[in-house]
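The following exercises are to be worked with the sequence and the coordinates at hand. Each task is followed by a solution in steps.

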Amino acid sequence: QVPVTESGGGLVQAGGSLTLSCAASRITFSTYAMGWFRQVPGKEREFVAGTSWNGGSTYYADSVKGRFTISRDNAKRTVYLQMTSLKPEDTAVYSCASRKMPVSTDPAEYVYWGQGTQVTVSS
């Protein structure tokens, strides 16, 4: 488990693109699965995308398949979420989280969470 910090959120118009970054503060980052989740006020945290420790396995929520891409650079201790063809319904606070292998779509199985970064998609 490693602490993480997200960045890259902002305001974009529908159809636009945005890339989020999640930087880990500990060297052990490379041995942990990483996931991206999102949450809107009053709603439960929702799985968006996840990647195994070596980036060999990736998982996506049906709502973002074909539009979002998760990747990681263990040398930089950073995981990315490339978002394209953004829709207003993608508006949420996006958080990065880590856990010991294997990767999971269940937020309850992740231990360390970043503070979140706001993504707002306007019409």
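A residue counts as buried if its relative accessible area is under 20%, as exposed if that area is over 50%, and as partly exposed in between. The model examined here is a predicted one.

**Exercise 1. Burial of a charged pair**

Task: Determine whether D90 is buried or exposed, and identify the residue whose side chain meets that of D90 in a salt bridge.

Solution. 
Step 1. The relative accessibility of D90 is 1%, so D90 is buried.
Step 2. The side chain of D90 forms a salt bridge with that of R67, at 2.7 Å from N to O.
Step 3. D90 belongs to the loop between β8 and β9 and R67 to the loop between β6 and β7, so the pair ties together parts that are 23 residues apart in sequence.
Step 4. R67 has a relative accessible area of 11% and is therefore buried as well.
Step 5. Through shared partners, salt bridges join R67 and D90 with R38 and E46 into one network.

**Exercise 2. The surroundings of R67**

Task: State which backbone oxygen the side chain of R67 reaches at 2.8 Å, and which backbone oxygen lies 3.0 Å from a polar atom of that side chain.

Solution. 
Step 1. At 2.8 Å, the side chain of R67 reaches the backbone oxygen of S63.
Step 2. At 3.0 Å, the backbone oxygen in question is that of S85.
Step 3. When residues up to four places away in sequence are not counted, R67 touches Q82, M83, T84, S85, L86, K87 and D90.

**Exercise 3. Other salt bridges**

Task: How many salt bridges does the structure hold? Compare the accessibility classes of R38 and E46.

Solution. 
Step 1. There are five salt bridges in the structure.
Step 2. One of them joins the side chains of R38 and E46, with an N to O distance of 3.1 Å.
Step 3. R38 has 7% relative accessibility and so counts as buried, whereas E46, with a relative accessible area of 35%, is partly exposed.
Step 4. A further salt bridge is that of D62 with K65, in which the closest N and O atoms are 3.1 Å apart. D62 has a relative accessible area of 65% and is therefore exposed.

**Exercise 4. The aromatic cluster**

Task: How many aromatic pairs does a search of the whole structure find? Classify the pair of F37 and Y110.

Solution. 
Step 1. The search finds four aromatic pairs.
Step 2. F37 and Y110 form an edge-to-face pair, with 5.1 Å from centre to centre and 75° between the planes.
Step 3. F37 lies in strand β4 and Y110 in the loop between β9 and β10, so this pair ties together parts that are 73 residues apart in sequence.
Step 4. The ring centres of F37 and W113 are 4.9 Å apart and their planes stand at 50°, so this pair is tilted. W113 lies in strand β10, 76 residues from F37.
Step 5. F37 has 0% relative accessibility and so counts as buried; W113, at 26%, counts as partly exposed.
Step 6. Ring pairs link F37, F47, Y110 and W113 into a cluster. The charged end of R45 sits over the ring of W113, 4.1 Å from its centre.

**Exercise 5. A threonine in β11**

Task: Which backbone nitrogen does the side chain of T117 reach?

Solution. 
Step 1. T117 is found in strand β11, residues 117–122.
Step 2. At 11% relative accessibility, T117 counts as buried.
Step 3. The side chain of T117 reaches the backbone nitrogen of G9 at 3.1 Å.
Step 4. Leaving aside neighbours within four places in sequence, the contacts of T117 include E6, G9, L20 and Y94.

Notes
Residues numbered from 1 in each chain as written. Predicted model: local features only at pLDDT ≥ 70, side-chain atom pairs only at ≥ 80, totals over all residues. Heavy atoms only, no water. Polar contact = N/O pair within 3.5 Å; in protein donor to acceptor, adjacent residues only side chain to side chain. Contact = heavy atoms within 4.5 Å. Phe/Tyr/Trp six-rings, centres within 6.5 Å; stacked < 30°, edge-to-face > 60°. Helix = DSSP H or I, 4+ residues; strand = E, 2+ residues; numbered from the N terminus. Buried < 20%, exposed > 50% of the residue type's maximum accessible area, 1.4 Å probe, protein only. Lys NZ or Arg CZ within 6 Å of the ring centre and 35° of its normal. Salt bridge = Lys/Arg side-chain N within 4 Å of Asp/Glu carboxyl O.
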